[in-house]
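Here is a friendly walk through one protein chain, meant to be read with the model open beside you. Please take a look at it first.

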Amino acid sequence: MKEKILALLREDDRDYVSGEEISKRLGISRTAVWKHINELRRRGYDIEASTKRGYRILSSPDVLYPWEIRPFLRTKIFGKKLVHFMELDSTNTEAKELAEKGAREGTVVVAEEQLKGRGRLGRNWHSPKGGIWLSIILKPKIQPHRAMGTTLLCAAAVCEAVMKVTSLRVSIKWPNDLLIEGRKVCGILTEMKAETDLVQYIIQGVGLNANVDEEDLREVSETATSLKIMLGRPVDRKILLAEILYSMETMYDAYLRGDFGEVLKKWKKWNCTLGRHLTLKQGDREYYGLAVDVTPEGGLILEDSSGKRRTFYSGEVTVKKK
């Protein structure tokens, strides 16, 4: 009902809509209208009331409510079920719990703030208000060794969406970081539940510093940034989130059809890892070499000084500066 009332108030933002008209058009009592208006105010909407003229909306909060995202969605299934939290320990953890309960593929969990956001290798991921912290449930009928491909397609999709909405130049560092001018703006965390030969579900987590302020990144300002900082203005998070989901669904569909070549082509076009000398760390071991390619499964092919090539599916990469 909140969504319908907002739609009526937005038909003409400059004019008032009477409580009587809202009541008639939606088939609810005037008292119910008043209660819904107060609930919208509680959620951050600035709604002016006039005894003789009715209600009009003055401003809307920068909050990723499902009803704010829906008008921008162009997807078939991604985000059609969107679960929103003002505050949450971890969207990935919540998405896993939903997946265990049978939530359908394409279900998205989004939070305004994460209290215990997680990155790769168990690291904490700082997730203050203003970012886009989301997780999506995927249920591809694939073998577990192919699951890393979803990390690559997610990185390419977020990269594509950010560049389309902001015109900023974004690059991808294998396996899961998005950079702007060498500073991290987004991280991707892929978690999976699988049997020996079949994936049950994949949780694809995205942590994007969208409208995160400089103050919130002060301790990591040399290595991290936000879209707001780079643009000098806030980005419309609703439009950006919808665009991310559209790009993800498009690439995911190609992945399921076996047409991952087009996704890899985009990933390679925007990556900043291939063709560079780097160090790859796995536990206590370090490997040095030239990043020459990625496999269709997402593995990084590293060539050492003797010409020997090895493929890695995990590890921490440090690219040698030019």
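Predicted model: local features only at pLDDT ≥ 70, side-chain atom pairs only at ≥ 80, totals over all residues.

Residues are numbered from 1 along each chain as its sequence is written, and side-chain values use heavy atoms, with hydrogens and water left out.

**The whole chain**

Along the principal axes, the C-alpha atoms of the chain fill a box of roughly 85 × 40 × 30 Å. The secondary structure comes to 9 helices and 14 strands; these are DSSP runs numbered from the N terminus, with helices being H or I of at least four residues and strands being E of at least two. The domain assignment gives domain 1 (1-59), domain 2 (66-270) and domain 3 (276-319), with bounds that come from an automatic or database domain assignment. Between domain 1 and domain 3, the C-alpha centres lie 58 Å apart.

Of the 322 residues, 51% count as buried. Here buried means under 20% relative accessible area, exposed means over 50%, and partly exposed lies in between (1.4 Å probe, protein chains only). The accessible surface comes to about 16,300 Å², and 46% of it belongs to carbon and sulfur atoms. Such areas come from the Shrake-Rupley method with a 1.4 Å probe, and for residues only the protein chains shown count as cover. Among contacts with a separation of 6 or more, residues 24 or more positions apart account for 62%; contact means heavy atoms within 4.5 Å.

**The nonpolar cores**

A nonpolar core is a set of buried Ala, Val, Leu, Ile, Met, Phe, Trp, Tyr and Cys residues joined through side-chain atoms within 4.5 Å. The largest one has 66 residues, and Leu 178, Leu 208, Leu 227, Leu 240 and Leu 280 touch the most other members. Helix α6 (residues 148-166) gives the most to this core, with 11 residues. At least three residues of this core come from each of domain 2 (66-270) and domain 3 (276-319). Beyond four places in sequence, Leu 208 has contacts that include Trp 133, Val 162, Leu 227 and Leu 240. A second, separate core has 18 residues, among them Leu 8, Leu 9, Val 63 and Trp 67.

Strands pair if DSSP finds at least two bridges between them. Strand β10 (residues 277-282) and strand β11 (residues 285-294) run antiparallel and are joined by 6 bridges, with Gln 282 opposite Arg 285 in β11. Strand β11 also pairs with strand β12 (residues 300-303), in the antiparallel sense over 4 bridges, and here Val 294 stands opposite Leu 300 in β12.

| Hairpin | Between the strands | Glycine with positive phi |
|---|---|---|
| β10 and β11 | 2 residues | Gly 283, near 60° |
| β11 and β12 | 5 residues | Gly 298, near 100° |

**Backbone details in the loops**

Trp 174 and Pro 175 are joined by a cis peptide bond, with omega about 0°. Pro 175 is found in the loop between β6 (171-173) and β7 (177-180).

Ser 167 has a positive phi of about 70° and is found in the loop between α6 and β6; at 66% relative accessibility, Ser 167 counts as exposed. Glu 181 has a positive phi of about 55° and belongs to the loop between β7 and β8 (183-194). Its relative accessible area is 69%, so Glu 181 is exposed.

**Two helix residues**

Thr 91 lies in helix α5 (residues 91-100) and is buried, because its relative accessible area is 3%. Its side chain makes a polar contact with the side chain of Ser 135 at 2.7 Å. A polar contact is a pair of N or O atoms within 3.5 Å; within protein, one must be able to donate a hydrogen and the other to accept it, and residues adjacent in sequence count only if both atoms are side-chain atoms. Not counting residues up to four places away in sequence, Thr 91 touches several residues, including Val 109, Gln 114 and Trp 133.

Leu 231 has its place in helix α7 (residues 227-231) and is partly exposed, with a relative accessible area of 21%. Leaving aside neighbours within four places in sequence, Leu 231 is in contact with Thr 166 and Leu 168.
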